[in-house]
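Please open the structure in your viewer and follow the stops below in order.

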Amino acid sequence: MEMGCVWMRRIQIGGANSLILLKKPSMAVSLSSPAYQYPISFPCSKPPLYIVSFISPHRRSLSAKACSLPIHSVSVEDSFSGFGGGNGIDVSRKGSKVLLKGMTYAELEKWVGSHGYRPGQALMLWKRMYGDNIWAHNGDELEGLNKNFKKMLCENAEFKALSLKEIRMASDGTRKILFMLDDGLLIETVVIPCDRGRTTVCVSSQVGCAMNCQFCYTGRMGLRRHLTAAEIVEQAVFVHRLLTSEVGSITNVVFMGMGEPLHNIDNVIKAADIMVHDQGLHFSPRKVTVSTSGLVPQLRRFLHESKCALAVSLNATTDEVRNWIMPINRKYNLSLLLQTLREELTLKHNYKVLFEYVMLAGVNDSDADAKRLVDIVKGIPCKINLISFNPHSGSQFRPTNEERMVEFRNLLAEGGCTVFLRLSRGDDQMAACGQLGKLGSVQAPLLRVPEKFQVAIKSSAIPQIATAN
Ligand code: SF4
């Protein structure tokens, strides 16, 4: 997301679990590169945590303690180009069996053909996995399929990529669903029923997140691993299966759960393709929205390769604020991000990007911010969502009050923007925006607060856990 002069000097060591922050000369990142990704080792029984840090080349010395545990290092470039399986899991297989939901329709047809069956049978299988009110989880649910074909599937294929662990319901009807992955890690999916017959499922794309946005609980976890395409698709399928009879059909998908989707772009584009296939889940591409914090090259690629909608989490009108609250801005600053959108959207027909703007009291909600926001999005076909900040344990920000949000909205509307206020949903079950995940004993660092915002932050009176410059 951002780039600049951030120096992760030290992270507090929590409890019995030693946390070691290392900078190794052997790391697969050029020292001249402004971006480095730092591994933090966990005790051996735990998966590695990755935190992206952006470090000035002239401030290289880090205090670090020796570590006897294996170090997992992944450069930003490596991780952006397909660090996808994680923990040695094959993205397309489960044990000796092939994982059906990790395949596009074309891949499934080919695989079925390789076992001697016709394309028509692949289509019947596809429909039973993704439609016909079946959402099959095993061979017994494949009614109407040829007996030998079913036998072959039972021997060679696996339908499920996730195990259901728990469903929690918030007072407003929002459900947070916890799924367990094969390696024991947990992810969260949120289902948001809405009046007017719309139900949205918010899917996760990673376990944790490397981006360390300062207002986001998930960001404090660091990145554990990317999700496979099957693990992403299965969240939407599982929700259909579990909740359609209760909440009605699922109409929208947003990639706004745990993780930065475009950091896992291969699997996200593939999962989105599977979701919009007209013989399967058949979501309209306009109703599948992938959100990014602003990974510019991946955003460009997404706009070229996917028909789905794009949301950009903006949250600031100056580089000073965005460098602090969204460190990705130090790599891809506001003007580069917005200029890229301006250029790319001229090539798209009838396409608007959705800007998300989380409102933080005293940080990004002034009249001057509203005016700047109107200016900086000029020339970009867009809508703006103003989002109420959802506090969580350890957060240093306060939400902008409703009255101020309305004033801010009015200023944007007067400036000619299409703007909406988005109410918080599910926050009593930590199911709201920016509240997903579970912190371990190790957290990503809080960054230095620019001097002029220290009063606003102090007044929220939440202790900082660790600080990096
Ligand atoms: S807001 Fe999104 S990109 Fe930023 S840390 Fe949270 S999950 Fe990651």
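Two residues are taken to be in contact if their C-beta atoms, placed from the backbone, lie within 7 Å. The model shown is a predicted one.

**First stop: a pair of helices.** Select residues 229-247, helix α6, together with residues 265-276, helix α7; their axes come within 8 Å and cross at roughly 40°. Because of that angle, α6 counts as oblique to α7. The crossing of the two helices, α6 and α7, is right-handed. Next, display the side chains where they meet: α6 contributes Ala 229, Ile 232, Val 233 and Ala 236, while α7 contributes Asn 267, Val 268, Lys 270, Ala 271, Ile 274 and Met 275. By class, this contact of α6 with α7 holds eight nonpolar residues, one polar and one charged.

**Second stop: the sheet.** Select the strands of the open, mixed sheet, 10 in number, which follow the order β7-β8-β9-β10-β13-β14-β15-β16-β17-β18. The edges are β7 (163-169) and β18 (419-422); each has a single partner strand, so one side of each lacks a neighbour in the sheet. From one strand to the next, the twist averages 25°.

Within this sheet, select residues 353-359 (β16) and 382-388 (β17): these strands run parallel and are joined by seven bridges. Which residue of β17 is the bridge partner of Phe 355? The partner is Ile 384.

Select the 12 residues around the ligand; Cys 209, Met 211, Cys 213, Cys 216 and Gly 219 come nearest. The shell comprises four nonpolar, seven polar and one charged residues.

Conventions: Residues numbered from 1 in each chain as written. Predicted model: local features only at pLDDT ≥ 70, side-chain atom pairs only at ≥ 80, totals over all residues. Near = placed C-beta within 6 Å. Nonpolar A, V, L, I, M, F, W, Y, C, P; charged D, E, K, R; others polar. Axes fitted to C-alpha atoms, helices over the stretch in contact; angles between N-to-C directions. Helix = DSSP H or I, 4+ residues; strand = E, 2+ residues; numbered from the N terminus. Parallel < 35°, antiparallel > 145°, perpendicular 65-115°, else oblique. Left-handed = near helix turned anticlockwise from the far one by under 90°. Pairing = 2+ DSSP bridges.
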